[in-house]
Amino acid sequence: MLGVTSPINTASPKPIEIQRTKELEESLKQYGLFETDDELTHRMEVLGKINQLVKDWIKEVSLRKNLPLNVAESIGGKIFTFGSYRLGVHTKGADIDTLCVAPRHIYRSDFFTSFVELLKEQPEVQDLRAVEEAYVPVIKMKFDGIELDMLFARLELKAIPEDQTLRDVNLLKNLDPRCVRSLNGCRVTDEILNLVPCIESFRLSLRAIKLWAKRHGVYSNVLGYLGGVSWAMLVARTCQLYPNAAAATLVQKFFLVFSQWPWPNPVLLKQPEENKLGFVVWDPRINVADRFHLMPIITPAYPQQNSTFNVSSSTKEVMQDEFKQGLAITDDIMFGKAEWTKLFEPSNFFLKYRHFIVLQATASSKDHHLEWHGLVESKIRILINNLEKHPSIALAHINPESHCSSESEADTFQSLWFIGLQFAKTENLNVDLTSDIQSFTDTVMRQATQINLYKPGMKIEAKHVKRKELSRYLPSSILVKQKKAHNMPLFSNTPPENSLKTTPIPEFNEDSNNTSQQNQSVSDLAHTLDTKTPSVKMHNRSSMGVPDFVSSSVTSGLKRSLESSDLNSEIKRFHCENLNNITAGNNCQDSCVPFLEKYTSKPEESPKNFQISGLETKSVAGSNLNTSTQSRENFVKEFADTSMDSSNVNNGLNEVGGTTLHCLTVVFSSLKIY
């Protein structure tokens, strides 16, 4: 048995499901997800060159540390891969996640000094950046046209042989936390591959889910959605529940399972290992902070961690809504009523909301902007959390795609992020977001000064815009594309030109029991997971009309009748086993974690008779605003643009009216609803 529970269905795929899988693979090829043999060979050559560079560097450092020549030549060193490349689901142009493993006399300081200098001497290396202060220290570069992220780990071994593996947990003994975090990427990837019943079906279904997540704007760990490893673990869990299913069926069951998953129950692929080495692991029974994680997906390798700790209530709500829509679409695909291309149509973010906050990150050079962009993006989730706490805001939806400003000057580089706002259903509401915006900008500025990242010309601004004003920030091609997608019928009877034709599903009158097994109803799975269908409402989204029993077609509203199924007994057995595990005190991975908070659904209607004033700007460089004598009404409309001068470089602070403001553009927002 793979996983922590018995599978839901072990039926072999039917011919129609195999046909749908072939159609899925052909559809993915249309999006250019698969590399050619020459491109794969080029990646192997790049990894070979990097591996040799590591060996040469370790030998050189060993000689400088007075090791004998014969020892230095045999001491080894190795490059490991992880992430999408190791899983076998990387796409054209994707980067490669690598890990440099060195023996015990090689330190991280050597990696970020002498090895970086060695990389600078290589003609193939471009865009080299060393981020030693990161939570997981990394070297980023482009090597012979291939983007590489390289981590470092030092093992307590005299030498690193060619056949060295990383699965043995004893390798983590006496390692510092940063080395353990670096090693965990490889260890988690290897565990995932070992815990899925069919690797080929897993890879094809994961490719489809990752493409769907990117096209629907829910692929970004740093912004509070799910990253690549989290999506991989969700697909792997689906494979464990349906071990013999074809890839097309796995995609459908993925949406079925996780549109009904009783969050915050954790998703885990195996029983957690005993904490013999004393590292911090995810355990809500011990760690209070772990109890507040909204969508815990736990890595299978020791020390177990939650890969989705950045998820907020807004991003969770957005993803749950997308799961529901994905289920409705894949149901129609499996019934021959839609094509796979329908699943991969991009979402219409800019038509969902009437009001947006625009974040602008500006720098004076390309290199400075690259660093500034990364810092601002990594902190946006702080602003989202601040907005979610505001009683007047029902949802703060961040679009993970950043854009270039159409109004930026020639000598500036600018990135834009858009946050869609959905307000609670309240009349005559006054909304003041001053403290929320100020807290966010203060955090970004403080971080910039602490790590010496700030450069003259770096600014961060926030503005409120209405939907009709988006043309000032985005090219018409993006807005027109969004509008066309919004106005298209949900399912068209006429396939698009050059699109893949789907095979109609045949009738199985003589085999209704087996058909009902493969097309398990949502209510059955909800019973399996001992939960109710989540209630998720989104602003201005097309209503799916999905009650407890999900319709198989969104547009026609035809209800799929629930048939009596032999699978019911299998589901009941599955459910009872989970209950018995919990009752017996077993550490069942999918058992319930106590709810500390219940998040109720929020009204989707906008307030009546409301108007939001834009964010006004005012330069206060060198001026002093006396907030004690200035009325609150005027102060909240102030936009402080404090410039960096030579007197502020050391401490990075300006005193404005007794309030400490960091030396970048500080934004005060005043949003009012009348």
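This note covers aromatic ring pairs and charges over rings in a predicted model.

1. Basis. Local features need pLDDT of at least 70 and side-chain atom pairs pLDDT 80 or more, while totals for chains, interfaces and linings use all residues. Residues are numbered from 1 along each chain as its sequence is written, and side-chain values use heavy atoms, without hydrogens and water.

2. Ring pairs. The structure holds 24 aromatic pairs. Rings of Phe, Tyr and Trp (its six-membered ring) pair if their centres lie within 6.5 Å; planes under 30 degrees apart are stacked, over 60 edge-to-face, and the rest tilted.

3. Tryptophan 212 and phenylalanine 255. Their ring centres are 4.9 Å apart and the planes stand at 80°, so this pair is edge-to-face. Tryptophan 212 lies in helix α7 (residues 199-215) and phenylalanine 255 in helix α9 (residues 247-259), 43 residues apart. Helices are DSSP runs (H or I, at least four residues), numbered from the N terminus. Both residues are buried (under 20% relative accessible area, 1.4 Å probe, protein chains only).

4. Cluster. Ring pairs join Trp212, Trp231, Phe254, Phe255, Phe258, Trp261, Trp263 and Phe323 into a cluster.

5. Charges over rings. The charged end of arginine 181 sits over the ring of tyrosine 135, 3.8 Å from the ring centre. Likewise, the charged end of lysine 337 sits over the ring of phenylalanine 335, at 5.9 Å from the centre. The criterion is NZ of Lys or CZ of Arg within 6 Å of the ring centre and within 35 degrees of the ring normal.

Methods
Helices (H or I, at least four residues) and strands (E, at least two) are DSSP runs, numbered from the N terminus. Buried means under 20% relative accessible area, exposed over 50%, partly exposed in between (1.4 Å probe, protein chains only).
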